Amino acid sequence: WGTPDEFHYASREFSGDFDFSARVASVENVNRWTKAGLMIRDGLTAGAEYAFLMGTPGTGRGVAFQGRTSSGGSATSFGPSVLIAPPVYLRLTRRGNFISAFYRRAAADDWTLIAGLLMSNLSATVNIGFAVSSHVDGRLATAVFDGVSIRPIPDWQTRDIGDVGLPGSTTVSGSGVEIGASGTDIWGTDDEFRFR
């Protein structure tokens with residue numbers, strides 16, 4: 001928080017877009033702001049740009065999403081806090097410079113979006129991993145993570161298939177896609193359509 005951070009980080013470098021999720025199984029209750037969660041970080045200095053989706057020990061602070069959008073700048077909270085305590089599933093996705101934060105209570109539940117964050121200075125290769133802070137200097141807090149998944153998000157290709165007569169178009173904006181297409185049909189032995 002603030003301008004310099006103090007915490008323990010288990011991370012790896014990752015290039016490009018990704019979908020990173022895990023369950024925070026437990027967080028030791030050292031302080032109401034003891035934090036344990038998923039972090040994307042642009043460097044390993046104390047003032048680096050980051051996005052952090054975390055669980056805290058109780059329902060008073062719950063699940064929160066925070067970040068620093070410029071190196072050396074102040075941290076800020078994004079979106080509402082969700083007043084639930086671990087165990088909780090957390091998920092961060094990266095698409096270009098846009099980071100989205102989600103949570104769910106159980107593995108079978110749908111993901112719920114907390115907030116999105118534009119990080120315009122983000123490097124192509126960043127660190128992603130697990131961050132834990134006891135919120136008390138000189139005292140350890142233990143957190144347990146499981147159900148870890150890190151997947152790259154594939155590049156999309158767009159093209160016309162068959163003799164469509166009029167070339168199609170594709171426009172991507174944020175999380176939406178608009179496709180304009182010609183072509184007789186997707187049927188029989190010879191298809192004509194736009195494919196993303």
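Visitor: Where is the place of Pro87?

Guide: In this predicted model, Pro87 lies in the loop between strand E6 (76-82) and strand E7 (88-95). The peptide bond leading from Pro86 to Pro87 is cis, its omega being near 10 degrees. Most peptide bonds are trans.

Visitor: Why is Ile179 called partly exposed?

Guide: Buried requires under 20% relative accessible area and exposed requires over 50%. Ile179 has 43% relative accessibility, so this residue counts as partly exposed. Ile179 is in strand E14 (residues 176-180), and together with Val172 and Val177 makes a nonpolar surface patch of about 250 Å².

Visitor: What makes the phi of His135 a positive value in a residue other than glycine?

Guide: The phi of His135 is near 70 degrees. Most residues other than glycine have a negative phi. His135 is found in the loop between strand E10 (125-133) and strand E11 (143-152). With a relative accessible area of 43%, His135 is therefore partly exposed.

Visitor: Which residues touch the most other members of the largest nonpolar core?

Guide: They are Ile40 and Phe65, in a core of 32 residues. Strand E2 (residues 18-27) gives this core its largest share, five residues. A second, separate core has eight residues, including Tyr9 and Met39.

Visitor: With which residues is Ile40 in contact, leaving aside its neighbours within four places in sequence?

Guide: Among them are Tyr9, Phe18, Leu92, Ile99, Leu122 and Ile128. Contact here requires heavy atoms within 4.5 Å.

Notes
Residues numbered from 1 in each chain as written. Predicted model: local features only at pLDDT ≥ 70, side-chain atom pairs only at ≥ 80, totals over all residues. Heavy atoms only, no water. Patch = residues over 30% accessible without salt bridge, like charges linked within 9 Å, V, L, I, M, F, W, Y side chains within 5 Å. Areas by Shrake-Rupley, 256 points an atom, 1.4 Å probe, with all protein chains shown as cover. Salt bridge = Lys/Arg side-chain N within 4 Å of Asp/Glu carboxyl O. Helix = DSSP H or I, 4+ residues; strand = E, 2+ residues; numbered from the N terminus. Buried < 20%, exposed > 50% of the residue type's maximum accessible area, 1.4 Å probe, protein only. Core = buried A, V, L, I, M, F, W, Y, C linked by side-chain atoms within 4.5 Å.
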